[in-house]
Amino acid sequence: MKISILQFPGTNCEYDTQYAFEKLGAITQIIWHKSTTIPEDTDLLVIAGGFSYGDYLRSGAIAKFSPVMSAINTYANNGGKVLGICNGFQVLTEARLLPGALKRNKGLHFISKYHYLKVENNENVFLEKLNTGDVINIPIAHHDGNYYIDDAGLKELEVNGQILLKYTDANGEIKNPNGSVASIAGVCNKEKNIFGLMPHPERAIETLLGSDDGIKMLQGFLAS
Amino acid sequence: MKAIVNVFLKAGVLDSQGKAVHHALNSLKFDNVEDVRIGKQIVLQLNGTDKAKAMSDVTKMCEELLANTVIEDYTIELI
């Protein structure tokens, strides 16, 4: 399993992501955003978290014009698996590879804490190691994590099973930290090969540090 | 020529910052404020004098970068 992890100026979760995936036995490579190609044998492309281009203008807005993005478009359009974590999710929505947009948190504060998430749908390559309805504990750390999509778009996400994760409490009841429409924490595209989520599974891989619920999720990303 | 671009969240998309400022103004006893919307202004210095071309160029800039049309509207003024 070969994983390419993207690095923009301002990305700061690439090494955590690398550590997490290597712990699970994957071979990883960090790709600088100036590269116009991504390794051909990439099985999974990860856009890691952070603050690409200082979040100037809007989170993820400038990164979508980086040289590497056209290679990502081609890779994704050919069915390649793409995972965007936090700022990576913002980049994917800005690049229109995922529907919707991420706005400033409703309470206006940066939120950094563990949060429970419910698996809404596991009929996709990313979450197939988990069961629909599972509740997992994963950290969130964002200022612009308030997912927005209009009513028609939301309906489409529901019909196509594109809502993968929702923010909940420990019992799986909706608990919304940031004002996201329908408490959405992660969505995939219609073809189900591109997945974006605000929480950081790569930060939940050691029980010593609070939770290892991220491992199951990351293992799903490694499957098939 | 200058282009003044104003970008705001669309009507119907919750503007949390606007709401917070609205509350603050009300608590300062400015009771006549009914709504606050916060946006950003981007000022572009352009070369050339062709207004029609400038308008079409800046519209393209807004669509591609300056605004995220999923959540934002924009206005363009040329002076």
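Chain B contains two helices and three strands, where helices (H or I, at least four residues) and strands (E, at least two) are DSSP runs numbered from the N terminus. The model is predicted, so local features need pLDDT of at least 70 and side-chain atom pairs count only at pLDDT 80 or more, while totals for chains, interfaces and linings use all residues. Residues are numbered from 1 along each chain as its sequence is written, and chains are lettered from A and ligands numbered from 1 in the order in which they are written.

Starting at the N terminus, the order of elements in chain B is β-α-β-α-β. Its three strands make an open antiparallel sheet, arranged β2-β1-β3. Strands count as paired if DSSP finds at least two bridges between them. β2 (40-45) and β3 (72-78) of chain B are the edge strands, each with a single partner, so one side of each has no neighbour in the sheet. Within the sheet, β1 (residues 2-9) of chain B joins β2(B) through six bridges in the antiparallel sense; B:I4, for instance, has B:V43 of β2(B) as its bridge partner.

What, then, of the surroundings of chain B? Eleven residues of chain A are in contact with nine residues of chain B, contact meaning that C-beta atoms, placed from the backbone, lie within 7 Å. On the chain A side, these residues comprise four nonpolar (Ala, Val, Leu, Ile, Met, Phe, Trp, Tyr, Cys and Pro), five charged (Asp, Glu, Lys and Arg) and two polar (the others, Gly among them).

Notes: Contact = placed C-beta atoms within 7 Å.
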